[in-house]
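User: Could you walk me through reading aromatic features in a model? I'd like the general idea, then the case at hand.

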Amino acid sequence: YELTVDRPRPADARDIARASGDRFLSEAQSLMSQRSASANQEAIDKLTSARARFGQAEYRWGEALVAMRLGQAYVRSPNQMEKARDHLTQAVALARAIEDTSLEALSRFYLGNTYPALGEPKRALEYYEQALTQFEVNGDLVNQSLVLTDQAAARSDLQEHQTAVEDYNRAPSLPRSVDDRAQVARNERLPGGRLGFGVENS
C-alpha cells in the first residue's frame, strides 16, 4: 500500500476571519477584567469587531459567545440595559441553535438579570427558572446556587417573601473550593444587588 500525508492547506478567508475574531475576543475579555468604564467601552468595540469576523467565518459558537459577552459588557454600561437584553436574547438563540446547553443556560441567567433593572422582575423569574433547569441537568451546582440567589431577590421584589426564603434554602451547599469560585461572582453585583455573572467552566 502507499502511505500519503496530507499537506497543510493554505488559510482561506474564513480561517483568517476566525483568527482575527479570536484575537479581538481575547483582547476584549482582557479589557473587561479591568473593571473600568473606558476599558469596558473599548471591549464593546472589540467584541463588535469579533462578532463581525465570526460571522464572516460562519463560526456560530464564536458568534454565540461574543453575543453573550456583549450582553455582559452592556450590563456594566450606564443606561444600556436594553442593549444588554437584546444581545443576550440573541446569545440564547444562537447557543440553542448549536445545542450548547451550558452557554445557553449562562445566557439565560444573564438575560434574566437584565429584567429587574428594566422593571420586569416577573420576566426575570422566567429566565432564572429556565437557566436553573439547564444547570440542574448539567450538574452545575455553582450556577444553580447563584441563580437561586437572584431568583430569591426577584421574588422579594414581588413581595413573595416566603417563596424567596424557600429559594435561598434550595441553593445547593457547596464545598469550600467550589464556593470560593462562586464568591467571585457574588462580589460583582448589578444595580439593585443582582449578581452580574455566573461562573463559567474553564
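Analyst: Let's start with the surface: the protein exposes about 10800 Å², with carbon and sulfur atoms supplying 48% of it (Shrake-Rupley areas, 1.4 Å probe; for residues, only the protein chains shown count as cover). This is a predicted model, where local features need pLDDT of at least 70, side-chain atom pairs count only at pLDDT 80 or more, and totals for chains, interfaces and linings use all residues. Residues are numbered from 1 along each chain as its sequence is written, and side-chain values use heavy atoms, leaving out hydrogens and water.

User: How do I read an aromatic pair, and how many pairs does a search of the whole structure find?

Analyst: A pair of aromatic rings is described by the distance of the centres and the angle of the planes. Here the search finds five aromatic pairs (Phe, Tyr or six-membered Trp ring centres within 6.5 Å; planes under 30 degrees apart are stacked, over 60 edge-to-face, the rest tilted). Tyr59 and Trp61 have ring centres 6.3 Å apart and planes at 45 degrees, so their pair is tilted. Together with Phe54, Tyr59 and Trp61 make up one aromatic cluster.

User: Is Tyr59 buried or exposed?

Analyst: Tyr59 counts as buried because its relative accessibility is 18%, while Trp61, at 36%, is partly exposed (buried is under 20% relative accessible area, exposed over 50%, partly exposed in between; 1.4 Å probe, protein chains only).

User: Which charged end sits over the ring of Tyr59?

Analyst: That of Arg18, 3.7 Å from the ring centre (the rule: Lys NZ or Arg CZ within 6 Å of the centre and within 35 degrees of the ring normal). Likewise, the charged end of Arg23 sits over the ring of Phe24, 5.4 Å from its centre.
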